[in-house]
Amino acid sequence: RRFCKAFAITILLLVASVTTATAHAALVATDPAEGSTLPSALGSLTLSFTEPVAPIAFSLVGVGGMPQALDMVSADGPVVTLALPPALKDGSYLASWRVTSEDGHPVNGTVSFVVGTPSGDIVGPPPDRTLASAIWLVRAAQYLALFIGLGTLASRLWTPMPPAARSIGLGLTLAGLILAPLAIALQGLDLLGLPLTSLWDAAPVRAGLASSYGSTQLTLGAAFLLGALSQLGLFRRPQRVLLALGAICAALAPTLSGHASTAAPQWLMRPAVLVHIAGLLFWIGALLPLSLLLADRSRTGLEALARFSRHIPYAVIALILSGLILAIVQLGPPDRLWVSGYGILLGTKLLAVAMLLALALHNRAVLTPLALAGHRTGSRRLRLSIAAEMLLVLAVLGLVAGWRFTPPPRALHAVMSASATTQLPGEVLTATIVATPGHAGPMSVAIALVQPSGAPVPARSVMLRLSLPQQGIATISRPATETADNWMVSGVTLPVAGIWQISVEIRTSEFDLTILNGSIAITTNEEHSMPSHSSTALRRHSWVIVIAALFAQAPMASAHDGLIHDGCDTGQSWSAGDIAVSGAYTRAMLPNAKSAAGYMVIENTGADADRLIGVKSEAATTIDVHQMKMNGEMMEMSPIEGGLEIPAHGKLELAPMGYHLMFTGIATPFKQGECVQIFLEFQSGHELPITLNIGSVAQDGPVMDHDMSGMSSMEGM
């Protein structure tokens, strides 16, 4: 009992030390949109994901041409910007991208677009099924080595170990130790998009080690190594210590990466994964030794069976509760998302687990009493039933290995609920269109009208027209209704996906009518009425929170994170020592936007130069200084290292298309009319608190009084 308590405390401390990771990333939008036809070449391609990602490899190919690597890439949280080659010729293009999310899994895809006149279809490279098969095979073999190999050795902590079971367990454990570096190399191949023939190169190993999955494999390798060392027999007493440490590493390893471990809430999901793995190690690891002990018909085997029968209900209860938590957060209540690849695998696994539980219940309730009573038939039937359990376990492990290739439903839902956005520029005004959700089916369309100065446009009426002539769909016309923030069209239904032609007619007076034309990309999504699974499931199943109390205590977060306020004043200025700041502002954020920019003027009246070395705020997890500049014919954005100098008797201007602050990890979206408090840190030692007023989507200067009463739902960079 003392050992079990120490084991549990060690596990919880290790889990508590694990940092939070984001979930599986999925592409939600591109600019230009998939399948767009552009009148002229553009300088960059923007990819927007549901979560922050790390860029890996990008290329561009035209019809009949060789892939051209795109090396000028900037990542800003969930947004990746690719600089395209200058002066692209007319024709069709296909951009291939590959990134990795924080759960360690690579994500890749393509974006096609046309410049001028199309030159034919371009087909992306087919998936490497050989590599996928190798990844699945190694992962399934590792599960076998973990639960039947190391699990069998770890059962020595509570039951005698038959020599045959020890030999099988040690052999599988050594195989798992060999498979760990192989799994790292295969992960690197998948990350870099390399074929299986590059397995022995150094680059895939480095890439695999650098990912979060590399941490999982290193910890798993340590578990296998400790298990193998425990069987050397050099010292008798340390054997149990090595086995215990190996079991701890084995249970901890899956919490460091993967779909389930990176889902929110972290304080619930990571302990649930750990408890699930620990329960499986106890249950599956006991099957082989018990079967061999029962074959000897010895008193030792009956004592081990009785001990296992007393303790297995606790492991099964832990497995069921942790499994329910994982399934509810990943899938939510039953709906059409259950038929996704992930849902089908989970459903099949649950069916196999139900059969396994039914068999285990029959064993404990019927066959175990017969075996303990000395009935030979009962003992023989119990051994056959244990063999059937092990076959079901193998099927379950094979199914679980397939999850590596299926995005979790929470990522699918993020894609499903993303908005489609486009801008229609004009000489006297610009219309920003946001369709939510951005896929075929019912949607709401918000229309924001701004002047070149950023001021809202007073309009008498707005008419929205949408058509898809290539699909033979006639024009859909809907009048917009004016709201406090913008113009809104509710209940419009676009039946199919495609590049829809969009026209907005704005009547600003009895005689003035402005018509803006463009296009908007609407994606395919059949599940257009699904709820948010992670959050909705937890709200609908409040009993999950009660179960979570068994694992951790979590502090309650504020409902309004960050220093964002209403009732801000315009024309503000701040000073500290020789430094004065004025004209500070930012812009309202578009729906689903993950970042925002900040602008101001910093003046130094002193005789010595100073330097802006840091910015912090509760409104965002990270605030960096970025710079936008032209590189040939392309605009680039990059972070500034080492801060920005404010010259003596001079000033530094942070403005659009130049130096600016970049806010990422924003908890509460910026809305027009509010303001954000930040703290500027200078090399001279001054820390200056200032307030950024939040202007409109197209704000291009300090916010004035008339700017604070306009729209509040959009952002521009």
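Confidence is the place to start, with a chain average pLDDT of 77 and 78% of the residues scoring at least 70. The mean is highest in strand 23 (residues 610–616), at 92, and lowest in helix 13 (residues 543–548), at 31. Over residues 526–562 the pLDDT is below 50, although the model gives this stretch 60 contacts beyond near neighbours in sequence. Residues 709–717 also stay under 50, and for them the model has 47 contacts beyond four places in sequence. Where pLDDT is low, the predicted coordinates should not be read in detail.

Turning to the sheet, 5 strands in the order 2-9-8-4-5 form an open arrangement with mixed pairing. Its edges are strand 2 (36–38) and strand 5 (68–69), each of which pairs on one side only. Strand 2 runs parallel to strand 9 (residues 106–115), with 3 bridges between them, and T37 stands opposite V114 in strand 9. Across strand 4 (53–62), strand 8 (91–101) and strand 9 lies helix 3 (residues 163–192), which runs at about 150 degrees to strand 8.

The structure holds 5 salt bridges. In one of them the side chains of E505 and R465 meet at 2.8 Å, N to O; because E505 lies in strand 17 and R465 in strand 13 (residues 461–468), the pair ties together parts that are 40 residues apart in sequence. R465 is partly exposed, with a relative accessible area of 27%.

Strand 23 contributes to two others. R611 meets E645 at 3.5 Å, N to O, and since R611 lies in strand 23 and E645 in strand 26 (residues 644–646), parts 34 residues apart in sequence are tied together. K616 meets E687 at 3.2 Å, N to O, a pair that links strand 23 with strand 30 (residues 687–695) over 71 residues. Both ends of this pair are partly exposed, K616 at 40% relative accessibility and E687 at 39%. K616 and E687 are also linked with E681 in a network of salt bridges.

How values were computed:
Residues are numbered from 1 along each chain as its sequence is written. This is a predicted model: local features need pLDDT of at least 70, side-chain atom pairs count only at pLDDT 80 or more; totals for chains, interfaces and linings use all residues. Side-chain values use heavy atoms; hydrogens and water are left out. pLDDT is the predictor's confidence in each residue, from 0 to 100. Helices (H or I, at least four residues) and strands (E, at least two) are DSSP runs, numbered from the N terminus. Contact means heavy atoms within 4.5 Å. Two strands pair if DSSP finds at least two bridges between them. Axes are lines fitted to C-alpha atoms, for helices over the stretch in contact, and angles run from 0 to 180 degrees between N-to-C directions. A salt bridge is a side-chain nitrogen of Lys or Arg within 4 Å of a carboxyl oxygen of Asp or Glu. Buried means under 20% relative accessible area, exposed over 50%, partly exposed in between (1.4 Å probe, protein chains only).
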